[in-house]
Amino acid sequence: MRVSVDHRTRYRFTSPQDRLIQMLRLTPQDSADQTVVNWHIGVDCDARLREARDGFGNRVTMLYAAGPIEGIEITVSGEVLTAGDAGLIRGVIEPLPPALFLRRTDRTGVSEAMREFAAAIDGVDGDRIARLHSINAALFARFAVQEEPHDEGFGADIAFQSDHAAPRDFAHMFIALLREEGVPARYVSGYHTRDGDEGHAPHAWAEAYVDDLGWIAFDPSRGVSADASYVRVATALDAGGAAPVAGMRMGPGAEKLDVDIQVEELGGEG
């Protein structure tokens with residue numbers, strides 16, 4: 001599948017800023033299942049961009065801009081060729097051992113209500129893959145999907161108390177339940193082709209590690225394994241480590257953030 005991405009992030013400040021330092025996790029990497037045909041990051045002000053990789057192996061772009069800055073728009077555009085094989089992740093840079101992704105974070109804690117929910121999920125005894133699919137499907141059935149362009153910072157235990165969840169919350173709940181059962185799991189940010197006007201935020205899903213198979217992608221906000229309609233960008237322990245844009249500003253006042261994303265299937269590989 002050939003997927004095009006147009007992602008615009010706009011910051012407006014109530015007072016001019018003296019300096020901005022941003023880490024942009026907005027560039028996918030090549031793997032056995034996706035090839036970046038072209039990719040461009042643009043900024044509408046005088047800024048210095050430096051390419052690097054973070055500790056999880058993600059491609060990052062460091063952005064440095066000197067003020068006075070009243071606002072900034074970051075644009076991403078590109079095309080990626082994708083494939084998919086039952087969610088299997090192949091040919092990506094893996095600097096860290098799977099066991100690291102058993103580590104709990106503030107956003108992947110488990111409540112007693114979550115433990116009871118997991119205990120009630122039907123599954124095939126001893127079949128790890130079947131168990132993962134059952135948890136994925138159960139979360140999808142439990143919550144309505146509600147897009148949230150701004151990350152409110154909810155942990156899995158807080159999100160579980162609602163009747164709806166954003167994709168990032170689905171991912172956190174899935175990760176938390178898997179780590180509770182001793183399965184390494186990690187957060188994934190990226191893009192997913194959608195219909196109509198859906199999608200004003202980057203998409204989020206999760207990956208679980210299974211012995212003898214490796215990492216497998218699950219999207220509990222859709223109840224499926226990730227396929228060729230997904231563009232994988234960054235992974236981390238939770239959303240904080242895979243945020244598309246993160247950093248700091250030096251200056252007074254408040255900020256307003258607007259995000260607009262268009263992800264489309266272009267057809268074949270031509």
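## Confidence

The chain has a mean pLDDT of 91, and 94% of its residues reach 70 or more. The model is predicted. Within the chain, confidence is highest in helix 4 (residues 167-180), at a mean of 97, and lowest in strand 13 (residues 255-267), where the mean is 87.

## Nonpolar cores

The largest nonpolar core holds 59 residues, and Leu-139, Met-173 and Tyr-191 have the most contacts inside it. Helix 4 gives the most to this core, with 8 residues. Apart from this core lies another, of 5 residues, including Trp-205, Ala-217, Ala-226 and Tyr-230. In soluble globular proteins, nonpolar side chains tend to be buried together.

Setting aside neighbours within four places in sequence, Tyr-191 is in contact with Val-5, His-7, Leu-26, Trp-39, His-203, Trp-205, Ser-229, Tyr-230, Val-231, Val-233, Ile-261 and Val-263. Among these contacts of Tyr-191 are Trp-205 and Tyr-230, which belong to the core of 5 residues.

## Packing of helix 1 and helix 4

Helix 1 (residues 112-119) and helix 4 have axes that come within 11 Å and cross at roughly 75°. The two helices, helix 1 and helix 4, are therefore roughly perpendicular to each other.

On the helix 1 side, the contact is made by Met-114, Arg-115, Phe-117 and Ala-118; on the helix 4 side, by Met-173, Ala-176, Leu-177 and Glu-180. Sorted by class, the contact between helix 1 and helix 4 has 6 nonpolar residues, 2 charged residues and no polar ones. Met-173, on the helix 4 side, is also one of the residues with the most contacts inside the largest nonpolar core.

## Two buried loop residues

Arg-107 lies in the loop that runs between strand 4 (59-82) and helix 1. Arg-107 counts as buried because its relative accessibility is 12%, with the cut-off for buried being under 20%. Leaving out neighbours within four places in sequence, Arg-107 is in contact with Asp-151, Gly-153, Phe-154, Gly-155, Ala-156, Arg-168, His-172, Asp-238, Ala-239 and Gly-240. Arg-107 and Pro-16 are separated by 91 residues in sequence and by 33 Å in space, C-alpha to C-alpha.

Ser-229 is found in the loop between strand 10 (224-225) and strand 11 (230-236). With a relative accessibility of 8%, Ser-229 also counts as buried. Not counting residues up to four places away in sequence, Ser-229 touches Met-1, Tyr-191, His-192 and Thr-193. From Ser-229 to Leu-102 the separation is 127 residues in sequence and 28 Å in space, C-alpha to C-alpha.

## Backbone features

Most residues other than glycine have a negative phi, and most peptide bonds are trans. The peptide bond from Gly-67 to Pro-68 is cis, with omega near 5°. Pro-68 is placed in strand 4.

Asp-212 has a phi near 75°, a positive value in a residue other than glycine. Asp-212 sits in the loop between strand 8 (203-210) and strand 9 (214-219). With a relative accessible area of 82%, Asp-212 is exposed.

## Thr-75 in strand 4

Thr-75 is also placed in strand 4. Its contacts, leaving aside neighbours within four places in sequence, are His-7, Arg-8, His-40, Ile-41 and Gly-42. Thr-75 and Asp-212 are 137 residues apart in sequence and 40 Å apart in space, C-alpha to C-alpha.

Key. Residues numbered from 1 in each chain as written. Predicted model: local features only at pLDDT ≥ 70, side-chain atom pairs only at ≥ 80, totals over all residues. Heavy atoms only, no water. pLDDT = per-residue confidence, 0-100. Helix = DSSP H or I, 4+ residues; strand = E, 2+ residues; numbered from the N terminus. Core = buried A, V, L, I, M, F, W, Y, C linked by side-chain atoms within 4.5 Å. Buried < 20%, exposed > 50% of the residue type's maximum accessible area, 1.4 Å probe, protein only. Contact = heavy atoms within 4.5 Å. Axes fitted to C-alpha atoms, helices over the stretch in contact; angles between N-to-C directions. Parallel < 35°, antiparallel > 145°, perpendicular 65-115°, else oblique. Nonpolar A, V, L, I, M, F, W, Y, C, P; charged D, E, K, R; others polar.
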